[in-house]
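Me: I would like to go through this structure by question and answer. Please start with the terms needed for the ligand shell.

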Amino acid sequence: MISTKLKRYYDPTFTVSDDYKDSLPDLQNGPASLIEGADVPIQQVGISDFKLPLKYPRPDGELITLETSVDGYVGLEAGKKGINMSRIMRSFYKFKDEVFHPDKLQEVLECYREDLDSQSAYLRLSFNYPIMQESLRSGLEGYQYYPVSIEGTMGKDGKFRKFMHLDFEYSSACPCSYELSEHARDKRGVATVPHSQRSLASMTVELDDSLFVEDLVEHCREALMTETQVMVKREDEQAFAEMNGAFQKFVEDAARLLYEQLNEQDEIVDFVIRCVHMESLHSHDAVSRICKGVPNGLR
Ligand SMILES: Nc1nc2c(ncn2[C@@H]2O[C@H](COP(=O)(O)OP(=O)(O)OP(=O)(O)O)[C@@H](O)[C@H]2O)c(=O)[nH]1
């Protein structure tokens with residue numbers, strides 16, 4: 001039954017006094033008796049995928065503003081009903097005009113721990129980062145976009161750890177298919193096309209020092225050589241075919257080439273890489289996963 005005592009009316013002139021505000025229910029700060037389920041700590045609670053434009057530094061000193069998806073979490077102790085959820089976003093907004101190199105995350109995490117009265121905190125910023133890529137022979141150029149995240153964690157000991165995630169697309173020409181194709185040409189004069197595929201290296205690197213996205217992309221390019229191309233005329237396509245002939249790779253080769261390259265970088269303390277070759281030979285993928293394997297590091 002609809003109550004006749006309640007007004008169906010929105011008052012646009014109503015203002016909130018301090019007394020009125022104090023009278024508002026505040027369930028998340030209520031007593032432990034309100035907890036549902038086991039009264040145990042929660043490792044991460046917060047907000048996923050709130051978006052805002054943020055500035056990032058380029059190696060040449062320029063700044064770039066990119067739409068960013070933010071995941072922010074804190075740890076919640078046993079005995080506490082909930083966190084002040086809106087502070088995850090409100091605290092982050094204190095930094096909205098700053099430049100987000102990975103070390104900036106430490107300041108936000110410290111702010112989270114203080115503002116939300118929490119011992120641990122986690123932050124991840126995800127964005128698509130454009131880098132101009134030159135074509136192989138025609139002198140053209142175009143933007144390659146890289147899915148990137150920078151991530152920071154702060155544990156109960158206050159130790160800050162920072163990570164960068166990158167997805168790098170490349171082409172992998174199968175070395176076995178190449179030899180089989182050459183065999184058919186030599187022995188029987190049969191035309192062949194060895195199979196190759198678009199491939200993806202998804203990596204997480206733990207940083208000791210600062211690292212630009214451009215640096216990590218350059219490490220991938222040097223390791224794999226056959227990055228997918230943006231601008232392609234016929235001379236570029238031919239160059240790409242020659243390049244794939246020169247740098248053929250199994251999925252195991254891709255993982256070890258990246259290992260060799262990243263292992264040489266002083267600013268990278270640890271890494272884990274997953275390579276996926278989306279085979280044109282098969283309807284399934286060939287996959288490899290490799291990690292540096294430092295004690296207590298990424299696995
Ligand atoms: N903790 C928690 N809050 C939620 C959830 N879903 C929605 N909220 C709401 O998030 C709103 C904002 O919470 P608070 O940050 O505590 O807001 P507030 O108390 O006005 O802010 P402060 O003045 O900073 O304490 C509350 O109205 C909650 O009901 C949830 O799953 N957990």
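Reply: Ala, Val, Leu, Ile, Met, Phe, Trp, Tyr, Cys and Pro count as nonpolar, Asp, Glu, Lys and Arg as charged, and the others, Gly among them, as polar. The model discussed here is a predicted one.

Me: How many nonpolar, polar and charged residues does the shell around the ligand have?

Reply: The residues surrounding the ligand are D26, Q28, I83, N84, M85, S86, R87 and R90. Ile and Met count as nonpolar, while Asp and Arg count as charged. Sorted by class, the shell has two nonpolar, three polar and three charged residues.

Me: Which residue's side chain does the side chain of S86 join in a polar contact of 2.7 Å?

Reply: S86 is found in helix α2, which covers residues 86-93. Its side chain has an N or O atom 2.6 Å from an oxygen atom of the ligand. The polar contact of 2.7 Å joins the side chain of S86 to that of R90.

Me: Is S86 buried, partly exposed or exposed?

Reply: Buried means under 20% relative accessible area and exposed means over 50%, with partly exposed in between. The relative accessibility of S86 is 40%, so the residue counts as partly exposed.

Me: Where is E227 found, and is it buried or exposed?

Reply: E227 is found in the loop between α5 (213-224) and α6 (234-246). Its relative accessible area is 5%. The limit for buried is under 20%, so E227 is buried.

Me: Which side chains make polar contacts with the side chain of E227?

Reply: Not counting residues up to four places away in sequence, E227 touches residues including Y146, F168 and R221. A polar contact of 3.3 Å links the side chain of E227 to that of Q133. Another polar contact, also given as 3.3 Å, is made with the side chain of Q144.

Me: Which residues touch the most other members of the largest nonpolar core?

Reply: The largest nonpolar core has 58 residues. Y112 touches F92, and among its other contacts is R87, a residue of the ligand shell. Those that touch the most other core members are F92, Y112 and L125.

Conventions: Residues numbered from 1 in each chain as written. Predicted model: local features only at pLDDT ≥ 70, side-chain atom pairs only at ≥ 80, totals over all residues. Heavy atoms only, no water. Helix = DSSP H or I, 4+ residues; strand = E, 2+ residues; numbered from the N terminus. Buried < 20%, exposed > 50% of the residue type's maximum accessible area, 1.4 Å probe, protein only. Polar contact = N/O pair within 3.5 Å; in protein donor to acceptor, adjacent residues only side chain to side chain. Contact = heavy atoms within 4.5 Å. Near = heavy atom within 4 Å. Core = buried A, V, L, I, M, F, W, Y, C linked by side-chain atoms within 4.5 Å.
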